[in-house]
Amino acid sequence: MSVPPSAEPTLWELHRAVSQLREDLRGDLAQLAARLDQVVTEDVYRADQRAVDQRISQIEAGLAGLRGEHDQATQRAEQQRREDQAQAAATRRLVLSSFVSPLLLMTLQLWLASRGAAP
């Protein structure tokens, strides 16, 4: 089947189509360039990941140290509480032996003296 001569595009239409194609291509390339500005290389990404891993390791080590210090502080507080309880018990024994015992002995001597059994 033959194509009539009027069905073929003219040179002006071809020029316009190529110009439109060129403009579309420029826009697409500009968009691609804008997106490529936001992309990092694999080496940069790996270096960033190593830095993040290193910071996480440092934070974990710091937390482990703080946990150890907390445990030590808890143990010291518990030991201090036990020592305070022992000191309080010793103070009670001292009060008993220095005040109550002489009063009891004096009361016993007075009672014995009042009964007439003086030494």
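Trainee: Start with Glu78. Is Glu78 buried or exposed, or in between?
Mentor: In between. This is a predicted model, and in it Glu78 has a relative accessible area of 31%, so it counts as partly exposed.

Trainee: Which side chain does Glu78 meet in a salt bridge?
Mentor: That of Arg81, at 2.3 Å from N to O. Arg81 is partly exposed too, with a relative accessible area of 39%.

Trainee: Where do Glu78 and Arg81 sit in relation to each other?
Mentor: They are three residues apart in helix α2, so about one helical turn separates them. An α-helix has 3.6 residues a turn, so residues three or four places apart point the same way.

Trainee: How many salt bridges does the structure hold?
Mentor: Three. One of them joins the side chains of Arg46 and Glu42, at 2.3 Å from N to O. Those two residues also lie in α2, four residues apart, which is about one turn of the helix. Arg46 is partly exposed, at 45% relative accessible area.

Trainee: And Glu23, which residue does its side chain meet?
Mentor: Arg26, in a salt bridge of 3.0 Å, N to O. Both are in helix α1, three residues apart, again about one turn. Glu23 has 44% relative accessibility, so it is partly exposed.

Trainee: New topic. How many helices and strands does the chain have?
Mentor: Two helices and zero strands. The radius of gyration is 49 Å, while the globule rule gives 14 Å for 119 residues, so the chain is more spread out than a compact globule.

Trainee: What box do the C-alpha atoms fill?
Mentor: Roughly 160 × 30 × 25 Å along the principal axes.

Trainee: What share of the residues counts as buried?
Mentor: 0% of the 119 residues. The accessible surface of the chain is about 11,200 Å². Carbon and sulfur atoms account for 61% of that surface.

Trainee: Tell me about α2. What does it reach from first C-alpha to last?
Mentor: It reaches 107 Å with 74 residues. That is close to the 110 Å expected at 1.5 Å a residue.

Trainee: Where does α2 have a kink?
Mentor: At Val100, shortly before the proline Pro102. The kink is about 30°.

Trainee: What follows α2?
Mentor: Gly116, with a positive phi near 95°.

Trainee: What separates the C-alpha atoms of Leu96 and Gly27?
Mentor: 99 Å, with the two residues 69 apart along the chain.

Trainee: Now the nonpolar surface patch. Which residues make it?
Mentor: Leu25, Leu29, Leu32, Leu36 and Val39. The patch comes to about 490 Å².

Trainee: Where is Val39 found?
Mentor: In the loop between α1, residues 11-37, and α2, residues 42-115. Val39 has a relative accessible area of 54%, so it is exposed.

Trainee: What about Ala34, which helix holds it?
Mentor: Helix α1. Ala34 is partly exposed, with a relative accessible area of 41%.

Trainee: What separates the C-alpha atoms of Ala34 and Tyr45?
Mentor: 19 Å, and the two are 11 residues apart along the chain.

Trainee: Give me a recap I can write down.
Mentor: Two helices and zero strands. Three salt bridges. A kink of about 30° at Val100 in α2. A nonpolar surface patch that includes Leu25 and Val39. And 0% of the residues buried.

Methods: Residues are numbered from 1 along each chain as its sequence is written. This is a predicted model: local features need pLDDT of at least 70, side-chain atom pairs count only at pLDDT 80 or more; totals for chains, interfaces and linings use all residues. Side-chain values use heavy atoms; hydrogens and water are left out. Patches are made of residues with over 30% relative accessible area and no salt bridge: like charges are joined within 9 Å, nonpolar side chains (Val, Leu, Ile, Met, Phe, Trp, Tyr) within 5 Å. Accessible areas come from the Shrake-Rupley method with a 1.4 Å probe; for residues, only the protein chains shown count as cover. A salt bridge is a side-chain nitrogen of Lys or Arg within 4 Å of a carboxyl oxygen of Asp or Glu. Buried means under 20% relative accessible area, exposed over 50%, partly exposed in between (1.4 Å probe, protein chains only). The expected span of a helix is 1.5 Å times one less than its number of residues. The bend at a residue is the angle between axes fitted to the seven residues ending there and the seven starting there. The radius of gyration is taken over C-alpha atoms; the globule rule is 2.2 Å times the number of residues to the power 0.38.
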